[in-house]
Amino acid sequence: AKTFDQLTPEESKERLGKIVSKIDEDKDGFVTVEELKDWIKFAQKRWIYEDVERQWKGHDLNEDGLISWEEYKNATYGYILDDPDPDDGFNYKQMMVRDERRFKMADKDGDLTATKEEFTAFLHPEEYDYMKDIVVQETMEDIDKNGDGFIDLEEYIGDMYSHDGDADEPEWVKTEREQFVEFRDKNRDGKMDKEETKDWILPSDYDHAEAEARHLVYESDQNKDGKLTKEEIVEKYDLFVGSQATDFGEALVRHDE
């Protein structure tokens with residue numbers, strides 16, 4: 001975001017215009033919801049693979065094309081393990097236990113060594129079906145403050161909103177309370193179990209990229225023909241800069257674009 005702030009609106013529009021021609025796959029001068037959805041998925045995947053490449057270099061210390069749990073642990077937590085009594089050591093130990101559990105889950109063949117694909121599943125578990133349970137488990141552990149294995153209404157709200165002494169809750173928080181009661185807590189027992197949490201964070205019938213694409217087209221489509229011209233997109237450049245379509249501005253500051 002900082003880098004993007006340094007671009008003038010003119011530069012932003014010019015760069016965004018160049019990306020539009022890449023999004024328009026069939027080169028007919030229009031960007032459809034489908035083309036935008038494909039582009040957003042591509043942008044997301046590219047970010048993931050670049051992240052994996054960057055981390056791979058820092059962790060495959062013996063450069064054998066594999067990362068063992070020991071290698072990862074030493075590269076990530078080595079300096080903490082060397083200090084038997086660091087001030088904040090407790091949190092790191094907890095993080096390490098959690099990382100090890102996730103590493104073992106990502107490591108399909110159980111040899112405690114990750115291939116590039118397994119390492120990608122470890123770093124980005126939300127992208128892999130076989131990692132979904134661990135994503136749900138970690139989310140529940142983060143939000144379930146009283147440790148009863150469920151997420152109750154106050155824990156659910158507390159994850160998104162901190163009162164900070166405000167007597168009146170904003171409207172969106174009230175809406176979230178209603179959402180919890182009406183939709184999240186399906187069996188109406190006042191709390192979300194594992195299945196209900198999974199439906200919330202990994203809904204099977206919801207495609208993030210498609211939702212984002214539809215939102216962008218709806219907001220930018222001035223003549224309401226269901227597709228976007230380059231002019232319509234550039235006109236709404238500030239919307240696109242905050243969107244997954246430009247990786248939240250990332251793609252606009254890259255030289256390769």
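Asn91, Gln94, Met95, Val97, Arg98, Arg101, Glu141 and Asp142 line the second largest pocket. A pocket here, on a 1 Å grid over the protein atoms alone, is an open set of points where a 1.4 Å probe fits, with protein on both sides within 12 Å along at least five of seven lines, and a lining residue has an atom within 4 Å of a point. Two elements give two or more residues each to that lining, helix 5 (89-106) and helix 7 (132-143), and helix 5 has the largest share with six. Helices are DSSP runs (H or I, at least four residues; strands are E, at least two), numbered from the N terminus.

A word on the model: it is predicted, so local features need pLDDT of at least 70 and side-chain atom pairs count only at pLDDT 80 or more, while totals for chains, interfaces and linings use all residues. Numbering runs from 1 along each chain as its sequence is written, and side-chain values use heavy atoms, with hydrogens and water left out.

Volume is the space filled by probe spheres set on the grid points, which are joined across faces, edges and corners. For the classes, Ala, Val, Leu, Ile, Met, Phe, Trp, Tyr, Cys and Pro are nonpolar, Asp, Glu, Lys and Arg are charged, and the others, Gly among them, are polar.

| Pocket | Volume | Lining by class |
|---|---|---|
| Largest pocket | about 710 Å³ | nine nonpolar, five polar, eight charged residues |
| Second largest pocket | about 180 Å³ | two nonpolar, two polar, four charged residues |

The largest pocket is lined by 22 residues, and Gln44, Glu126, Glu127, Tyr206 and His208 are the closest to its centre. Helix 3 and helix 11 (208-220) each supply at least two lining residues, with helix 3 giving the most, five.

Helix 3 turns up again in a helix pair. The axes of helix 3 (residues 33-59) and helix 6 (residues 116-123) come within 10 Å and cross at roughly 110 degrees; axes are lines fitted to C-alpha atoms over the stretch in contact, and angles run from 0 to 180 degrees between N-to-C directions. That makes the two helices roughly perpendicular (65 to 115 degrees). Helix 3 makes the contact (heavy atoms within 4.5 Å) through residues including Tyr49, Trp56 and His59, and helix 6 uses Lys116, Phe119, Thr120 and Leu123.

The unreviewed UniProt entry annotates "domain: EF-hand" at several spans, among them 11-46 and 94-129. Residues 11-46 are 75% helix and 0% strand, with end C-alpha atoms 23 Å apart.

Notes. UniProt positions renumbered as here; feature names shortened; annotations may be inferred. Parallel < 35°, antiparallel > 145°, perpendicular 65-115°, else oblique.
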